[in-house]
Amino acid sequence: MRIAIAGGTGTVGRHVVDVATERGHDVVVLSRSAGVDLTSPQPLDLAGVDAVVDVASIQTASAGASRAFFAAVTTKLLSAAHRAGVGHLVALSIVGSDVAPFGYYAGKAEQERLVSSGPVPWTILRATQFHEFAGQILERMRTGPFSVVPAMRSQPVAAREVAERLVELVETGPAGHAADLAGPRVERMADLSRRWAEATGTAARVLEVPVPGRFGRALRDGTLLPGAGADRGRLAFADWLAG
């Protein structure tokens, strides 16, 4: 199967490329480093592609910027896939985007809306934060010797396991909303960032701070945790970090 991977050089995208290649699929990477700008108005050619996996992302906490990015990328992928007769688009979303469409999650909600109402047969997988998020937010929120990490309950999952599930969904065929995917344990993000800093020798003091407003409440109260019907990954954060 020929699979185009939007965001194929990112945190989860590189794993999708690896898993798909290991399973014998022909992979096409859609990313700026591969010469493809998914936010540009230039048409995208997906001729000969059987399926698209969309794991493109943006680093922003702005709802407006997130919506603009995911609207542009999703519209471009859907248009190109429809023109080329692609039979399946698999999009990676995030657990909680349907009930707390704030900040970055606002863009994922828009992505889901466009994919589910679009002209291409689809599957959407909602996953929790990746294990890598603990280190990313530690660095992103760093000021001098301090890192301000939001008060947040999370059930992080290994990016490799998300990639494996995405490729499985491609092979299975269009399924609409797939079961959510989360890691095996509920954790506090500040604790994970502290453990990341210790394991990597990063000299940063983590300050856990509650985010104001409805989104901050959702981060703290379990709104963004998976429901009872979610699938669980195997690799806990501590084991992933040790490895």
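Biologist: In this predicted model, which residue forms a salt bridge with glutamate 168?

Modeller: The closest N and O atoms of the pair are 3.3 Å apart, and a salt bridge needs them within 4 Å. Both residues belong to helix 5 (residues 159–172), where they are three residues apart, about one helical turn. The partner of glutamate 168 is arginine 165.

Biologist: Is glutamate 168 buried, partly exposed or exposed?

Modeller: Its relative accessibility is 34%. Buried means under 20% and exposed means over 50%, so glutamate 168 counts as partly exposed.

Biologist: Where is histidine 25, and is its place buried or exposed?

Modeller: Histidine 25 is in the loop between helix 1 (13–22) and strand 2 (26–30). Its relative accessible area is 13%. Buried means under 20%, so histidine 25 is buried.

Biologist: Which side chain makes a polar contact with that of histidine 25?

Modeller: Leaving aside neighbours within four places in sequence, histidine 25 is in contact with Met1, Ile3, Ala20, Val167 and Glu171. The polar contact between side chains is 2.8 Å, and it joins histidine 25 to glutamate 171.

Terms used
Residues numbered from 1 in each chain as written. Predicted model: local features only at pLDDT ≥ 70, side-chain atom pairs only at ≥ 80, totals over all residues. Heavy atoms only, no water. Helix = DSSP H or I, 4+ residues; strand = E, 2+ residues; numbered from the N terminus. Buried < 20%, exposed > 50% of the residue type's maximum accessible area, 1.4 Å probe, protein only. Polar contact = N/O pair within 3.5 Å; in protein donor to acceptor, adjacent residues only side chain to side chain. Contact = heavy atoms within 4.5 Å. Salt bridge = Lys/Arg side-chain N within 4 Å of Asp/Glu carboxyl O.
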